[in-house]
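Keep the sequence beside the 3D view as you go.

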Amino acid sequence: MLFPRTNSSGAPHRVVITGAGIVTALGIGYRPNAAGFRDGDTGFRTVSRFDVSRQRVKTAAMVDLPSPVPAGRLSAHRLQRLDHAGKLLLTAAMEAWQQSGWEPTADLPMVLGTTAGGMALGEEFFLQATQKPGQYKQQATRAAFYQAQMQARALAEALGFCGPITVLSTACAAGANAIGHAWELIRSGRAKRVLTGGYEALSQLLFAGFDSLQALSPTVCRPFDTHRDGLALGEGAALLTLETLESAHRRNAVILGEIVGYGTTIDLHHLTQPHPEGAAACASMKLACECARLNPEQIDYINAHGTGTPLNDSAEAHGIRQWGGGRSATIPVSSTKASIGHLLGAAGAVEAIICIMALREGFLPPERAFRTPDPACTFPIVREPREARPLRALSNSFGFGGVNASLIFQRWET
């Protein structure tokens, strides 16, 4: 068995978070990001990494990494081979690892979510092959590191551990599904701890593809607003160290929060369009609550998928209303994609840490650009910075192809 069961009692383990690393356009690390999300700051600027002169939209939430990025046990040569996506992953993972106080072992699983992985390396390979067909310098490296598992392998090498690597690519739900899968491994006794999260870097193909679909907003990203006109793209990474509560107590580790519920469903309505009534979204939220043995009245905040596109936001709004019933009229909701854009495969992981921040730091992240609610949006959108003491937060992630995921986080109280 790849993950042998170690819990002979059959009772599910409680799964806690002991490390959280995050990189977004708002900053490098937990503290600058917490401050940015508390205030509803935005990280959008003109794209400079590749040519957008022929695109409708020319802005995105891009990340400038420090130079050099923390290398851990990677040699300078190995670090130089990493693309931007791999460096985002490494930077976030280093923060989570150091915060957790973990030591490397030979049996540590890693579960990551991404959609594009090393797509930028594929673009470089193609350009050199077509424009300079007789030159092969660095082409083998590009071909090798184009594979997503190579970035994960480089991370394991940097931190000095070994173990099974799982890479999930379930579109925009990938980061949330990765965390959910890691949670299931620990909860069921198949692993005592797991390094998990998601990462994504912008590439020209990604940006041009969304722009050609006219899915990008030519104005400003404003999820659930009746005048919304598209999503905004971003990049970043978020890594969590998950372990059993027993393990954390045994080490006297600082516990950042607890994952108490996970639900995932598939929407077969359309390849790219959600069911207009949000049936699968509602089912995902219900499954997460059933798993956590909670009802909607016990959820204090929803970090919505909220892309800012007409169809997605309307469907999610219907799903929240069906799920919450009367509670949906009072539960605070916001989409942090208004601040950092849509991070695709990393979105669910980044938003997981945002939920942990809200629970630990005592705030609800606002959408500053929100003005007029969509008629389907009958719940209150957080518009201005707000201090609060939420106990539980639910995070939604819905992806192309119909994969939906919902995670429930609980504030840790000693």
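The report below covers cores, strands, helices and an aromatic group in this predicted model.

## The largest nonpolar core

The largest nonpolar core holds 47 residues. Within this core, L242 and F409 touch the most other members. Several elements each supply at least two core residues: β1 (15-24), α1 (30-39), α7 (174-187), β8 (236-244), β9 (257-266), α13 (347-361), β12 (363-364) and β15 (403-410). The largest share comes from α13, with ten residues. A second core is separate and has 37 residues, including V69, A85, L89 and L155. In soluble globular proteins, nonpolar side chains tend to be buried together.

Leaving aside neighbours within four places in sequence, F409 is in contact with I17, E258, I259, A352, C355, I356, L359, L391, R392, A393 and S395.

How many residues of β15 are buried? The count is eight of eight, and the strand is mostly covered. On one side sit V403, A405, L407 and F409. On the other are N404, S406, I408 and Q410. Both faces are covered. In a regular strand the side chains alternate between the two faces of the sheet.

β15 pairs with β9 in the antiparallel sense, over eight bridges. Here G261 stands opposite I408 of β15. β14 also runs antiparallel to β15, and seven bridges join them. β14 and β15 form a hairpin with four residues between them. In the turn, G401 has a positive phi of about 90 degrees.

## Helix α10

Helix α10 covers residues 279-292. Its 14 residues should span 20 Å at 1.5 Å a residue. The end C-alpha atoms are 20 Å apart, so the span agrees. After the helix comes R293, with a positive phi near 60 degrees.

Which residues of α10 are buried? They are A280, A281, C282, S284, M285, A288, C289 and A292. These buried residues pack against β9, β10 (301-303), α11 (310-324), β14 (392-398) and β15.

β5 spans residues 110-113. M110 and L112 point one way from β5, and V111 and G113 point the other way. All are buried. β5 pairs with β6 in the parallel sense over four bridges. In that pairing, G113 has L168 of β6 as its bridge partner. β5 also pairs with β7 (residues 193-200), again parallel and over four bridges. There, the bridge partner of V111 is T196 of β7.

I165 belongs to strand β6 (residues 165-168). Is I165 buried or partly exposed? Its relative accessibility is 35%, so I165 counts as partly exposed. Setting aside residues up to four places away in sequence, I165 touches M110, A152 and R153. I165 and L311 are 146 residues apart in sequence. In space, these two are 35 Å apart, C-alpha to C-alpha.

## Helix α4

Helix α4 runs over residues 119-131. Its 13 residues should span 18 Å at 1.5 Å a residue. The end C-alpha atoms are 18 Å apart, which agrees.

The buried residues of α4 are M119, L121, E123 and Q128. They pack against α5 (139-145) and α8 (204-212).

## Aromatic pairs

How many aromatic pairs are there? With ring centres within 6.5 Å as the cut-off, the count comes to five.

W97, W102 and F161 form one aromatic cluster. R193 lies over the face of W102, at 4.6 Å from the ring centre.

Methods: Residues numbered from 1 in each chain as written. Predicted model: local features only at pLDDT ≥ 70, side-chain atom pairs only at ≥ 80, totals over all residues. Heavy atoms only, no water. Expected span 1.5 Å × (residues − 1). Buried < 20%, exposed > 50% of the residue type's maximum accessible area, 1.4 Å probe, protein only. Contact = heavy atoms within 4.5 Å. Phe/Tyr/Trp six-rings, centres within 6.5 Å; stacked < 30°, edge-to-face > 60°. Lys NZ or Arg CZ within 6 Å of the ring centre and 35° of its normal. Pairing = 2+ DSSP bridges. Core = buried A, V, L, I, M, F, W, Y, C linked by side-chain atoms within 4.5 Å.
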